Amino acid sequence: MLPKAIRFSLVLLLSLQFLPLKAQNSIEVGYENLFLKEVLADIEEKSGLSFSYSDELIANKRVTIKPSDLSLDSILNILADDTGLLFEKIGDRQVIISVPKTETLVCGYLFDGLTKAPLPYATLILKGTAKGYTTDENGYFAIDDESTINGILVQYVGYAERLLLPADFTRNDCGNILLYPQAETLNEVIVRSYLIRGIDKNKDGSLTLSSEEQGILPGLVEPDIFQSAQWVPGITSINETVSDIQIRGGSADQNLILYDGIKMYNTGHFFGMLSIFNPNITSNATIFKGGASPEYGDRISGVIDIQGETGVPEKTRAGLGINGTQADAFVKARLGESVGLVVSGRRSYADVGDLGTPTFDAISEKVFQNTIVVNEASGQIIEDEDEETLVGGEETFFFYDTNIKLIIQPSEKDSIYLSGLLTNNDLNFRLQEDENLTEDALITENEGLSFEWIGEKGTNWHYSFGAYYSDYESFYRTQFREQQQIEEDNLRRNTVLDYGFNAELAYDFSRQHAIKGGYQYSSNEVFYQLSRDENGDDGEPEDDEDPLPSADERDFNEVSNRKNTTNTVYGAYVFRPQNKGLISLGLRVSTFSLLDGWYFEPRLNVEYPLSKLLRLKLTGEKRYQTISQLVEFDDTRLRLQSGIWTLTDDNEFPLLESEQFSLGLLFDFKGWILDVDGYVKKIDGLTTFTNGFTNASENYSQGTSDVFGLDFLLKKQLGNYRIWLGYTYNKVDYRFEELQDAKFPGNNDITNNLTFSNTYEAGNWRFSLGWNYRTGVPFTPVSGFNVVTGDIEFETINSGRLPDYHRLDASLQYGFRLSSKNESTGTIGLSLQNVYNRQVPLSVFYRVDENPLTGLQDIDQLEQLSLGLTPNFLLRFNF
């Protein structure tokens, strides 16, 4: 045993040995809102520790620690809590600073904070990125292997947004997350994914189509508002175009179409086959088949209200793409915290180096049939109707659109929008035969500007101010020359200048009761000219502004130029019961400068839940319209876009008036949707000039239309698979007593329309297949023809039916990431319209020509056939 003195010396030595270590594990610190970099330098000096980090990681981070004597571990924990960074010790003296790993599984269940009902198909966005997720039909979501350091933004229409931070999630526990409704939201969604993802049913009965969220539909490689809408019961197009949308028995010119508040008078490229609205910069479109709010006026049928981007981009993004008809590019730029700019452009490319595609050729074959341009639109060899090759044909056709929008958010409750668009279709055709020259030119252009300020004052007041300008022009001219002398000159010109402004103020008394009122002013100036000169004119015309001889010298010259100003006040009371119902009573009162008196348009919209699964729907409305399209009957060589806008004169073109009522039920339970609507509509003020009866082009008559219809939808969703059956019964009867004593089927009487479709999404793949069947439209058969006079004898108006129409469409898409290091994505898409290539006549018309051999008159029945097999492709990149 060691002596006592030696044992004491060893204990003292060991104690002295551990004193420095203890001193190093506890130091005195104290910081008041000091930059982290300075704090780390102080700790390094006092403790001997060494910190490794990047300057960008700790930039602008500050730390506050009350003066005290703390251990190094405690100090590191405090720093981690204050900064959100990870402080990891490597050995005794090295500390590495990094971002905490957050690429773990986060999950949860989303519920209504008041009713505790699950919120299916809500949108979840990884903040700071373009990545998004959705909850399932039970409100469940799971996100794995993604960074959530910036939080997850949860959005559900009708509810306040919520930002979920990493601290809101407990490891290995999928908790309940609550969202609360916004009291000011009138357009609450009641059915998410009404058909597919991105098409929702709102509480007021309208539909919202979101281009960015929309899934895939049969025959489409990317979203198109008007083609997508035709899969909804009650909406169709007789001639397969997007510019001839029929909503519940009304004609296309009876639909109000707005783009960022701009009234549109032309909606189609390629003579109506493609939409002029770029889906890549379109936020959403709201469609009313009936029961529209009183702020919507000027038309008597449906409403399609299209909105561009509405929020300042979180970061600058760009994209470009190409499909079978056009190429496009867009930029969504973040210019600051409260300012954004969106710019886009699209153009067809078939005229550039003869870059025709099967898509372009198939559409051209449909569009240009029965015109002088009967070969593919981009070709240089033209065949006439006798199949003789005519050498020397030159033709150019192209279309484009461009959009620009400035978004300013001066405060959290105010948004200012400045929007502009320009669309153009341009066709020029030139045919040289020996010394004879034929020239055709057709231009359609629509440009517009709008301003809108939307805001809130407190939590109850809501206001908006806006103004718009719209300018539409359609110009068609054809000339026949022999040895440089004009033998025939035809002109068809139509312009619409429309501008106005509006103001609205709304007040929420509570979550249940609200009122709103507004004032609107608009001015329409409409001009059209139909001219023909067959006497010839020496020399070249001086310019396009006056291409014809004086009016007195022309063989035919009809000119109309009228102007109308409209002043409107409107108001509405909205009651929102706690059971998620809606009762809206509205009134719109207008005066028209072309007419005398006041015009009252009452509106009623009721959506009342009979139970949690079943809703009752009721609408009623009266509407007026001062502008409509007449059909130009002249036998032009290019029978394209023959509709001509004209204003009422309360004589030949009376004021259009409609009354509409609908009653329906909506059932929604566990992925099943059953939606049924019955409706009646009566339209007064129709004329033979505005409805284009083949046998009545020379006879003027006024008439009415009676519509009885039924819209039916049955849909089932099983996970990512959706299948639905849509059916529309639409009986349209016309009464024109001066033409016929009894009623007869209307031109747009598609009695039965059936769609059967399904879509499936698996990972990055999307598939869709759909079949459409409908009854053939009415037409007037010929009963006799006089070969001497060329007079045609017709049977009873619209007593015949064209063959029934049906076709099968398919499409698929594949999405992929361009790089694992950034958010750049790509999409490849393929589609087939009319898979089994069945073509049927969509309309017929008659042409009388003199037989050069016999000198007698010949009659030809010309049929406009439906679209044939049409493939399409998409290649898109977003950065």
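1. The largest nonpolar core holds 40 residues, and those with the most contacts inside it are Tyr194, Leu195, Phe226, Met264, Phe277, Ile304 and Ile306. A nonpolar core here is a set of buried Ala, Val, Leu, Ile, Met, Phe, Trp, Tyr and Cys residues joined through side-chain atoms within 4.5 Å; buried means under 20% relative accessible area with a 1.4 Å probe, protein chains only. Elements giving two or more residues to this core include α5 (225-229), β23 (303-308) and β30 (414-433). The largest share, three residues, comes from α5. Helices are DSSP runs of H or I, at least four residues, and strands are runs of E, at least two, numbered from the N terminus.

2. The model is predicted: local features need pLDDT of at least 70 and side-chain atom pairs count only at 80 or more, while totals for chains, interfaces and linings use all residues. Residues are numbered from 1 along each chain as its sequence is written, and side-chain values use heavy atoms, with hydrogens and water left out.

3. A second, separate core has 22 residues, among them Leu49, Phe51, Leu72 and Val95.

4. Leu72 is also one of the buried residues of α4, with Ile75, Leu76, Leu79 and Thr83. Seen down the helix axis, the buried residues of α4 fall within an arc of 100 degrees (directions from the axis to the C-beta atoms), so they line one face. After α4 comes Gly84, with a positive phi near 75 degrees.

5. The mean pLDDT (the predictor's confidence in each residue, from 0 to 100) of the chain is 85, and 87% of residues reach 70 or more. Residues 5-24 have pLDDT below 50.

Key: Buried means under 20% relative accessible area, exposed over 50%, partly exposed in between (1.4 Å probe, protein chains only). Contact means heavy atoms within 4.5 Å.
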